[in-house]
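Here are my notes on this model, as numbered points. Please read them with the structure open.

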Amino acid sequence: MAARSVVEQATQALRRAILTGALAPGAEYSLRELAGMLDISFIPIREALRTLEGEGLVVMRPGRSAVVAPLGLDDLRGIYRLRRALEPEIAARSCLLLSEAELDRLAERAAGSGAVAGTDDDPHAFHLALLAPAATTWDIRVLTPLWRAGERYVRIGFGRTGPGPAGHRRDGAAHGELVAAFRTRDPATVSAAVERDLARTEKIALAALT
């Protein structure tokens with residue numbers, strides 16, 4: 001149990017460092033360097049990197065090193081193409097299932113700093129809550145790595161295009177509009193709102209490539 005916990009903590013720490021850009025895209029790090037950063041042994045680092053490689057965040061090199069996956073336009077377009085294929089349809093079904101109490105909770109979150117794109121410690125929780133009533137286990141298994149892979153672009157892009165209180169307010173307002181769309185209980189309205197939000201975040205993400 002203790003060994004498993006160390007691997008999980010290492011995975012979370014490295015994932016966070018990659019998503020925030022602390023470990024730079026395209027940079028190569030030896031296992032020794034990464035182990036030194038976290039003050040742990042090679043074994044949990046190696047296991048953590050295997051998990052992150054499966055999420056598309058690192059590329060393992062022969063020997064004892066790993067490269068942080070570089071940012072690329074094709075990669076970003078692929079992430080959003082797949083998200084558009086899944087999220088609007090799931091949301092259209094979910095809007096008929098979400099309780100008013102849950103929508104009230106999400107509206108409150110959207111109005112506060114917890115819903116800020118690019119700064120939230122768990123930025124996927126808001127979208128997952130909107131989709132959860134209609135999402136299958138496989139939907140979540142597919143979407144989670146897409147969300148994580150795209151988060152790097154959004155965080156970096158947000159830092160370049162919309163930092164500060166004004167940018168935060170725009171993101172909170174965008175999430176509030178999603179909740180308002182769900183309150184209509186109209187699948188077409190909800191699907192269109194999710195499409196708009198995906199277009200909005202993709203535009204922010206594209207700034208990471210400039």
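1. Which residues line the second largest cavity? They are Arg83, Glu87, His127, Leu130, Leu131, Leu178, Phe182, Val194, Asp197 and Leu198. Helix H4 (73-94), helix H6 (124-131), helix H8 (165-183) and helix H9 (187-206) each supply at least two residues of this lining. The volume of the second largest cavity is about 80 Å³. A cavity is a set of points, on a 1 Å grid over the protein atoms alone, where a 1.4 Å probe fits but cannot get out; lining residues have an atom within 4 Å of a point. Points are joined across faces, edges and corners, and the volume is the space filled by probe spheres set on them. By this rule there are 3 cavities of 30 Å³ or more.

2. A word on the source. This is a predicted model: local features need pLDDT of at least 70, side-chain atom pairs count only at pLDDT 80 or more, and totals for chains, interfaces and linings use all residues. Residues are numbered from 1 along each chain as its sequence is written, and side-chain values use heavy atoms, leaving out hydrogens and water.

3. The chain has 9 helices and 3 strands. Both are DSSP runs numbered from the N terminus: helices are H or I with at least four residues, strands E with at least two. The order from the N terminus is α-β-α-α-β-β-α-α-α-α-α-α.

4. The 3 strands form an open antiparallel sheet, ordered S1-S3-S2. Strands S1 (28-30) and S2 (58-61) are at the edges with a single partner strand each, so one side of each has no neighbour in the sheet. The twist averages 25 degrees from one strand to the next. Two strands pair if DSSP finds at least two bridges between them.

5. S1 pairs with strand S3 (residues 65-68) over 3 bridges. Here Glu28 stands opposite Val67. S2 and S3 pair over 4 bridges, with Met60 partnered by Ala66. S2 and S3 also make a hairpin with 3 residues between them, and Gly63 in the turn has a positive phi of about 100 degrees.

6. Helix H2 (residues 31-38) lies across S1 and S3, at about 75 degrees to S1. Helix H3 (residues 42-54) packs on the sheet, touching S2 and S3, and makes about 125 degrees with S2. Axes are lines fitted to C-alpha atoms, for helices over the stretch in contact; angles run from 0 to 180 degrees between N-to-C directions. Contact means heavy atoms within 4.5 Å.

7. Of the 210 residues in the chain, 43% are buried, meaning under 20% relative accessible area (1.4 Å probe, protein chains only).

Technical notes:
Buried means under 20% relative accessible area, exposed over 50%, partly exposed in between (1.4 Å probe, protein chains only). On a 1 Å grid over the protein atoms alone, a cavity is a set of points where a 1.4 Å probe fits but cannot get out, and a pocket is an open set with protein on both sides within 12 Å along at least five of seven lines; lining residues have an atom within 4 Å of a point.
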